[in-house]
Amino acid sequence: MSAELWLQALQEHGYRLTESRRAVVEIVAASSRALTPLEVFDLARAAHSDLGLVTVYRTLEKLEELHLIQRVHQPGGCQAFLAASQGHQHLLLCQHCGQATFFEGDNLDQLFATIAQKTGYVIKDHWLQLFGLCQNCQ
Ligand SMILES: [Zn+2]
Ligand SMILES: [Zn+2]
């Protein structure tokens, strides 16, 4: 479902849809795990064997530009990508298998007020990502 929407969005932004790009989009759209470009490459190559790594990077870049995917940080520091959240959500990431879960709601106002007071900043926004072990990895 979202793969088709992403492909449509790419096309609307003047991006030609090749089989390689389609393979990349389908892998990332279907994944509930955050994937590194190399993992995307390996998975998508199973569907499309003459896929190049450069195509993976370019397609991910374009999807990120269109806010269809988001970059997440992993404990190792290496960049991985995930379908973007809908609206303001926070991310929970399994540090073992990369499984991603979004959650809503935060009772952080008190904390932010304290931080603002201590630092003199006007806090405008936040981005929150928690690490842990998913149920399967515990
Ligand atoms: Zn896990
Ligand atoms: Zn929040």
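What is the geometry of the site of the zinc ion (ligand 1), judged by the angles among its four donor atoms?

## Zinc site

The site is tetrahedral, with angles of 103 to 114 degrees among the four donor atoms of the zinc ion (ligand 1); four donors count as tetrahedral if all angles lie between 85 and 135 degrees. This is a predicted model, in which local features need pLDDT of at least 70 and side-chain atom pairs count only at pLDDT 80 or more. Residues are numbered from 1 along each chain as its sequence is written, and side-chain values use heavy atoms, without hydrogens or water.

The protein donors are C94 (SG), C97 (SG), C134 (SG) and C137 (SG), lying 2.3 to 2.4 Å from the zinc ion (ligand 1). Donors are N, O and S atoms within 2.8 Å of the metal (3.2 Å for Na, K and Ca). Along the chain, these donors follow the spacing C-x2-C-x36-C-x2-C. C97 is partly exposed, with a relative accessible area of 22% (buried means under 20%, exposed over 50%, partly exposed in between, with a 1.4 Å probe and protein chains only).

## Packing of helices α3 and α4

Two packed helices are described by the angle between their axes and the distance between the axes. The axes of α3 (residues 37–47) and α4 (residues 53–65) come within 9 Å and cross at roughly 120 degrees. Helices here are DSSP runs (H or I) of at least four residues, numbered from the N terminus. The contact (heavy atoms within 4.5 Å) involves P37, L38, V40 and F41 of α3 with L53, V56, Y57 and L60 of α4.

## Residue K118

K118 is found in helix α5 (residues 109–119) and is exposed, with a relative accessible area of 73%.

How values were computed. Chains lettered and ligands numbered in written order. Tetrahedral: all angles 85-135°; square planar, octahedral: opposite > 155°, others 65-115°. Axes fitted to C-alpha atoms, helices over the stretch in contact; angles between N-to-C directions. Helix = DSSP H or I, 4+ residues; strand = E, 2+ residues; numbered from the N terminus.
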